[in-house]
Amino acid sequence: MNDSLWDETKLQHYREMLRVALGEAQTGRGEGGVPVGAALFDGEGKLLASGRNRRVQENDPSIHGETDAFRRAGRQKSYRDATMVTTLAPCWYCSGLIVQFGIGTVIVGESRTFAGGVEWLKTLGVKVIDLDSAECRALMEGFIQEHPEIWNEDIGEP
């Protein structure tokens with residue numbers, strides 16, 4: 001298989017993984033929450049769990065999309081081969097979780113709206129793939145426009 005075909009196959013696989021996280025984000029948006037979804041996959045590409053930002057719904061500031069997926073996945077022997085897929089670049093809190101547990105790869109739906117800890121993760125050797133999804137960006141931008149106060153609270157801004 002030539003390199004461009006191999007790259008396109010991998011990219012298509014990443015987009016399929018993102019669909020799981022995007023579904024969670026859309027569910028969260030429908031519930032009145034911050035539309036960030038995530039999914040954790042094992043090294044073979046098997047879905048361990050998915051989750052969404054439920055800070056508003058559960059009145060719990062620690063339930064971000066990534067932390068929800070991570071918690072729902074339960075204990076794993078190792079996370080080195082795991083892939084965290086998230087519709088938005090992980091914040092510093094979620095980036096810390098990725099580093100703490102050694103998650104090796106992060107697939108990001110988009111980072112234009114919020115860059116979070118993407119560059120920091122890269123400096124620490126985490127493989128970060130930003131798909132720059134227009135669908136993820138439109139979902140987030142629409143939410144921010146409608147609910148700037150909730151967004152600012154979510155990212156720790158006054």
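## A tour from ring cluster to pocket

Select Phe 70, Tyr 79 and Phe 101: ring pairs link these residues into a cluster. The model is predicted. Across the structure there are 5 aromatic pairs.

**Stop 1: Phe 70 and Tyr 79.** Show both side chains. The ring centres of Phe 70 and Tyr 79 lie 5.2 Å apart, with the planes at 40°, so this pair is tilted. Phe 70 and Tyr 79 are both buried.

**Stop 2: Tyr 79 and Phe 101.**

Tyr 79 has a relative accessible area of 9%, below the 20% cut-off, so Tyr 79 is buried. Phe 101, at 36%, is partly exposed.

**Stop 3: helix H3.** Select 65-73, the helix that holds Phe 70. How many of the 9 residues of H3 are buried? The count is 7, so H3 is largely enclosed by the rest of the structure. Pick out the buried residues: Gly 65, Glu 66, Thr 67, Asp 68, Ala 69, Phe 70 and Ala 73.

What covers the buried residues of H3? The cover includes strand E1 (37-41), strand E2 (47-52), E3 and H4. Colour these elements separately to see them against the helix.

Step just past H3 to Gly 74. Gly 74 takes a positive phi of about 75°.

**Stop 4: the largest pocket.** Select Tyr 14, Met 17, Gly 43, Asp 81 and Thr 83. Among the 14 residues that line the largest pocket, these lie nearest its centre. The volume of this pocket is about 160 Å³.

Which element gives the largest share of the lining? Helix H1 does, with 3 residues. Highlight helix H1 (3-30) and E4: each supplies at least two residues of the lining.

Finish by colouring the lining by residue class. The lining of the largest pocket divides into 4 nonpolar, 5 polar and 5 charged residues.

Terms used:
Residues numbered from 1 in each chain as written. Predicted model: local features only at pLDDT ≥ 70, side-chain atom pairs only at ≥ 80, totals over all residues. Heavy atoms only, no water. Phe/Tyr/Trp six-rings, centres within 6.5 Å; stacked < 30°, edge-to-face > 60°. Buried < 20%, exposed > 50% of the residue type's maximum accessible area, 1.4 Å probe, protein only. 1 Å grid on protein atoms, 1.4 Å probe; cavity = no way out; pocket = protein on both sides within 12 Å on 5 of 7 lines; lining within 4 Å. Points joined across faces, edges and corners; volume = space filled by probe spheres on them. Helix = DSSP H or I, 4+ residues; strand = E, 2+ residues; numbered from the N terminus. Nonpolar A, V, L, I, M, F, W, Y, C, P; charged D, E, K, R; others polar. Contact = heavy atoms within 4.5 Å.
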